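User: Hi! I am new to this structure and would like a close look at one part of it, the place where the two chains meet. Could you walk me through it?

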Amino acid sequence: MSVRQALLALLEEEPRYGYQLRAQFEQRTGSTWPLNVGQVYTTLTRLERDGLVEGAGEDGEGHVIYRITDAGRAEVANWFTTPVERTQPPRDELAIKLALAVTVPGVDVGAVIQQQRSATMAALQDYTRLKRRAAEGSRREDLAWSLVLDSLVFAAEAEVRWLDHCEARLRRAQLERPEALLEEILAEEADEEASR
Amino acid sequence: MSAVLRMAEVTRVHGEGATEVHALRSVSFAAHPGELVAVMGPSGSGKSTLLTLAGGLDGPTSGVVSVEGVDLAGVGAAGRARMRRTSIGYVFQDFNLIPALTAVENVALPLELDGVRSRTARAGARAALEEVGIADLADRFPDHMSGGQQQRVAIARAVVGDRRLILADEPTGALDSETGESILRLLRARCDAGAAGVLVTHEARHAAWADRVVFLRDGVVIDETGADHADALLDAGRIR
Ligand SMILES: Nc1ncnc2c1ncn2[C@@H]1O[C@H](COP(=O)(O)OP(=O)(O)O)[C@@H](O)[C@H]1O
Ligand SMILES: [Mg+2]
């Protein structure tokens, strides 16, 4: 999990204690993935067990300070020089839901799509509002947070585009349905019958 | 607060008989001061029709369109033209600037046509160009400006004279994404300053600048987003 690597990267900057690590993580990612302090300390304990960090005593107020080891530095370097794995697509509940909606009888697929489009659009509006605020800051941490927001914006935008695409494909499939053609012919015959 | 734009049960039918097209079917819609509303929908869903009706460029087959409480059908063609010079600003996808006029002349035109003295009109136009960040290009001709700069002039022309209703039809269509975003920032700032805005777009990223997003399908409003809960999200320290 990336929390481990993120904390190591923060310790490479300078020795820090648990609360500081959490504050730094959230400052740069805008509380998008909230960390609790318990999680930070469990992770630090594992990093220490694996020899990637070591205790560096306490500060004046009794906080336990951690510093990175040479093995830890190597792990951070490795993280930054390796792409994030894409071997298996992450499980996507929406894609699964749509796949089932188009096959299970009796589901109003159009309504499923529109309901999701509205929800995703509302999230996109929220990200955009947050972005307008983030853009006001000029520190390096504000830039980091703004880039995380951009990532959320791009993902939501891609989801809306994909939903538009699904809708257009479904419309076309509906028109190309053989029964649709039959229904049309029957309706025409009924019309002719009526006009005779 | 009372709406700047109100459309009540508006229907627009083009053609007759076999070629009849229902571009809008009984659409009700409002835009309030300070509000930016985005209209989204597939092509042919009636977005441009809605906007031309709101701007008085076209009339409804039935229903009522009113701007600042004035029924557009009740003021005649001259009255509607007057409102387009004073209270309604329209931004087109292809800018629609007059090539023979400089930026400042293009922006001053609606004011001058409305009888404002030339010097006053130019001063107002320069202020509007300043507001959209291109005061230094006032004396350039449209052909000597980039697409983004031309669209800024078009926006200045749409807001000059303190117009209360800004209508924009795919104003970012021909622009790269960063320039498009700066255009959205301008529209947003205008609405934050008290105007009502209606933005037609097919880009979700641009519609997201709006307070509300209205979805059109086959001439019908099928859905709408609107809740403002960014503050609640911030307070809770999470996004989703
Ligand atoms: N002047 C016109 N004459 C006939 N049909 C028109 C006219 N203007 C628009 N339409 C039809 O009305 C529908 C809505 O068009 P429009 O409002 O331009 O959609 P959008 O802007 O969403 O693409 C379309 O089917 C279009 O072909
Ligand atoms: Mg259109």
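**Where chain A meets chain B**

Five salt bridges are counted between chain A and chain B in this predicted model. One to look up is the salt bridge of Lys131(A) with Glu181(B), whose closest N and O atoms lie 3.5 Å apart. Looking at polar contacts, you will find nine residue pairs between chain A and chain B, with both residues at pLDDT 80 or more.

Which helices does chain A bring to this side? Both α6 (109-134) and α7 (140-176) of chain A supply at least two residues each to the side that touches chain B. The most comes from α6(A), which gives 15 residues. Sorted by class, this side of chain A holds 11 nonpolar, six polar and nine charged residues.

Now for the extent of the meeting place. On chain A, 26 residues are in contact with 33 residues of chain B. Together the two chains bury about 2400 Å² between them, and carbon and sulfur atoms give 54% of that area.

A last word on cysteines, over all chains. A disulfide is a covalent bond between the sulfur atoms of two cysteines. The count here is zero disulfides over all chains. As for individual cysteines, Cys166(A) is buried, with a relative accessible area of 12%, and Cys191(B) is also buried, at 1% relative accessibility.

Methods
Residues are numbered from 1 along each chain as its sequence is written. Chains are lettered from A and ligands numbered from 1 in the order in which they are written. This is a predicted model: local features need pLDDT of at least 70, side-chain atom pairs count only at pLDDT 80 or more; totals for chains, interfaces and linings use all residues. Side-chain values use heavy atoms; hydrogens and water are left out. A disulfide is a pair of cysteine sulfur atoms within 2.5 Å. Buried means under 20% relative accessible area, exposed over 50%, partly exposed in between (1.4 Å probe, protein chains only). Contact means heavy atoms within 4.5 Å. Buried area is the accessible area (1.4 Å probe) that two parts lose on being put together, summed over both. A salt bridge is a side-chain nitrogen of Lys or Arg within 4 Å of a carboxyl oxygen of Asp or Glu. A polar contact is a pair of N or O atoms within 3.5 Å; within protein, one must be able to donate a hydrogen and the other to accept it, and residues adjacent in sequence count only if both atoms are side-chain atoms. Helices (H or I, at least four residues) and strands (E, at least two) are DSSP runs, numbered from the N terminus. Ala, Val, Leu, Ile, Met, Phe, Trp, Tyr, Cys and Pro count as nonpolar, Asp, Glu, Lys and Arg as charged, and the others, Gly among them, as polar.
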